[in-house]
Amino acid sequence: MFKGVQLSILMNRKLKLWELNRPTVEEFKEKEKFPLVVVLDNIRSLANVGTFFRTADAFNVSQIILGGITAQPPHREIQKTALGATESIDWEHHENLVDVLKQYQADGYVVYAVEQAEKTTLLHEMNVKPQEKHVLVFGNEVDGVQQEIIDIADVVLEIPQFGTKHSLNVSVCAGVVLWEFVRKVGA
């Protein structure tokens, strides 16, 4: 019996990076993306910004919009967590996100503010249609998403939480929300 257990462990070996068959940066840039834009509203931590890039790459996001005080690549501290994803993900910086978001809405995008508010939709209860285009807005680590953005958002999304803390780290939040979006649009 011990021999059989040992054999089954060997049959489930960890893959080497080269065995993952990931696309090159050039192949990724040419690949069709999910109709999903991520907006960073005044993110102050460069490590969080880098993590957003890496997570956006993992979930095939079409673009990142950096807003307000959010730092821009190239930056050594962003690169530490992005691990090259600043090269694969298209991005722009805008001071005024409200105008940018209104333009996305005019172009047919549904704008989701990821925040805790009086009227929210819990993440697992959101109704995402695969044919829709989506914008996800993530807010500052202390102050969250600006009220002006919440005021114009089509949906305010909230991740249910069951512990004593009031929130998740914003880049952890992004991983949870992006996975749910990708899952619901039929990845």
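1. The charged side chains of the protein comprise 19 positive and 25 negative groups, and the centres of these two sets are 12 Å apart. The coordinates discussed in this note are those of a predicted model.

2. Overall architecture. Eight helices and seven strands make up the secondary structure of the protein. The C-alpha trace extends about 65 × 40 × 35 Å along its principal axes. Of the 187 residues, 41% are buried. Among contacts with a separation of 6 or more, 83% are between residues 24 or more positions apart. The protein has an accessible surface of about 11,200 Å², and carbon and sulfur atoms contribute 54% of that area.

3. Helix H3, geometry and ends. H3 covers residues 46-58, 13 residues in total, and its first and last C-alpha atoms are 19 Å apart, close to the expected 18 Å. At the N-terminal end the helix is capped by Ser45, which places a side-chain oxygen 3.3 Å from the backbone nitrogen of Ala47. Just after H3, Asn60 adopts a positive phi of about 60°.

4. Helix H3, buried residues. Asn48, Val49, Gly50, Phe52, Phe53, Thr55 and Ala56 are the buried residues of this helix. One of them, Thr55, is classed as buried because its relative accessibility is 14%, below the 20% limit. Beyond residues up to four places away in sequence, Thr55 touches Gly175 and Leu178. As background, residues three or four places apart in an α-helix point the same way, because there are 3.6 residues a turn.

5. Helix H8, geometry and end. H8 runs from residue 170 to residue 184.

6. Helix H8, packing. The buried residues of H8 are Val170, Ser171, Cys173, Ala174, Val177, Leu178, Glu180, Phe181 and Val182. Together they pack against H3 and against strands S1 (34-41), S2 (61-67), S4 (109-114), S6 (133-139) and S7. Leu178, one of these buried residues, is also touched by Thr55, which lies in H3.

7. Glu180. Not counting residues up to four places away in sequence, Glu180 touches Leu123, His124 and Met126.

8. His166. This residue is located in the loop that connects strand S7 (155-158) to helix H8. His166 counts as exposed because its relative accessibility is 67%, over the 50% limit. Leaving aside neighbours within four places in sequence, His166 is in contact with Gln116 and Gln161. The C-alpha atom of His166 is 18 Å from that of Asn48, although the two residues are 118 positions apart along the chain. Asn48 itself is among the buried residues of H3.

Terms used:
Residues are numbered from 1 along each chain as its sequence is written. This is a predicted model: local features need pLDDT of at least 70, side-chain atom pairs count only at pLDDT 80 or more; totals for chains, interfaces and linings use all residues. Side-chain values use heavy atoms; hydrogens and water are left out. Helices (H or I, at least four residues) and strands (E, at least two) are DSSP runs, numbered from the N terminus. The expected span of a helix is 1.5 Å times one less than its number of residues. Buried means under 20% relative accessible area, exposed over 50%, partly exposed in between (1.4 Å probe, protein chains only). A polar contact is a pair of N or O atoms within 3.5 Å; within protein, one must be able to donate a hydrogen and the other to accept it, and residues adjacent in sequence count only if both atoms are side-chain atoms. Contact means heavy atoms within 4.5 Å. Accessible areas come from the Shrake-Rupley method with a 1.4 Å probe; for residues, only the protein chains shown count as cover. Lys and Arg count as positive and Asp and Glu as negative; His and the chain ends are not counted. The place of a charge is taken as NZ of Lys, CZ of Arg, CG of Asp or CD of Glu.
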